[in-house]
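User: I am new to this structure and would like a close look at a single part of it. Please keep the answer plain.

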Amino acid sequence: MNPHHPAIDAARIELLLSELRLPGIKGLWPKLAEQSDKDGWPAARFLAALAEHEMADRVRRRIERHLAEARLPAGKTMATFDFEAVPMVSKAQVMALAAGDAWLDKGANILLFGPPGGGKSHLAAALGLALVEGGWRVLYTRTTDLVQRLQVARQELALESAIAKLDRYHLLILDDLAYVTKDQAETSVLFELIAARYERRSLMITANQPFGEWGRIFQDPAMTLAAVDRLVHHATILEMNVESYRRRSALIRKRSAGRPAASATIRNTQSPEAE
Ligand code: ADP
Ligand code: MG
């Protein structure tokens, strides 16, 4: 307790701050009060410092929560993404998308197409991370996992509320649309989701095949057309037609390994993915 103000009950302050849900101030005030007393701060300065701290703390904790709920794959960031490997993708455009705002506000979509290993999931996750850090709420999920969840909800006659709950995410990242099975029941929950979010909440979808092949995802051609129509109406399409990044970097490693047969042999046994 502060010796200069014996009438102030520090324990009571702590209690009040807990009750008021001000954990940032609760953690900081004893130290700051001491400094304030020592340096003779005006009361307003002390209060302002506490309020600023609480605000910054709140923003930080909110983003931490959003990061945990987003289920982003670890380590897939903008910083670790090599844009030179996908020359057809504009880094400036991706950075603008990473800032969110305009496209998320109107519920526009991003579609990433390209063969396996081209970096679709990495780029989608990196965009998701940047958006979470910018204050948006994101959920990253394999398309099959989400479809399964929605299918269960439908069996329990709760599909509508399950889809409505996903509204809290400004962006849903559906990874690998191509792997959704052809089962009619599954495809229609996906359609319901696309229709429900149309022009309200954004989707980011990665897929190996562009629309030509989607007839195999949505069994009914009319449904395929309706789904594609809604998805592309307000969409940015990123085509990533590059060779598998893993394969390429394995080849580069192999080439730079040089002539000596011994070294190449060791390399091959150490990294089975090199072929
Ligand atoms: P896709 O989803 O298109 O199949 P991934 O994003 O899973 O491809 O990429 C395969 C692997 O290669 C991942 O480990 C990913 O981090 C890495 N990778 C792909 N493209 C790049 C890139 N341009 N820069 C850095 N790493 C990349
Ligand atoms: Mg992928």
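Which residues line the largest cavity?

Analyst: This is a predicted model, in which local features need pLDDT of at least 70, side-chain atom pairs count only at pLDDT 80 or more, and totals for chains, interfaces and linings use all residues. Residues are numbered from 1 along each chain as its sequence is written, chains are lettered from A and ligands numbered from 1 in the order in which they are written, and side-chain values use heavy atoms, with hydrogens and water left out.

The largest cavity is lined by Gly107, Asn109, Ile194, Arg197, Tyr198, Glu199, Arg201, Leu203, Arg230, Leu231 and His234. A cavity here is a set of points, on a 1 Å grid over the protein atoms alone, where a 1.4 Å probe fits but cannot get out; lining residues have an atom within 4 Å of a point. The search of the whole structure finds 1 cavity of 30 Å³ or more, and the volume of the largest is about 60 Å³, taken as the space filled by probe spheres set on the points, which are joined across faces, edges and corners.

Two helices, H9 (184–197) and H10 (221–233), each supply at least two residues of this lining. Helices are DSSP runs (H or I, at least four residues), numbered from the N terminus.

By type, the lining holds 4 nonpolar, 3 polar and 4 charged residues. Ala, Val, Leu, Ile, Met, Phe, Trp, Tyr, Cys and Pro count as nonpolar, Asp, Glu, Lys and Arg as charged, and the others, Gly among them, as polar.

As for the setting, buried residues (under 20% relative accessible area, 1.4 Å probe, protein chains only) make up 40% of the 275 residues in the chain.

Notes
Buried < 20%, exposed > 50% of the residue type's maximum accessible area, 1.4 Å probe, protein only. 1 Å grid on protein atoms, 1.4 Å probe; cavity = no way out; pocket = protein on both sides within 12 Å on 5 of 7 lines; lining within 4 Å.
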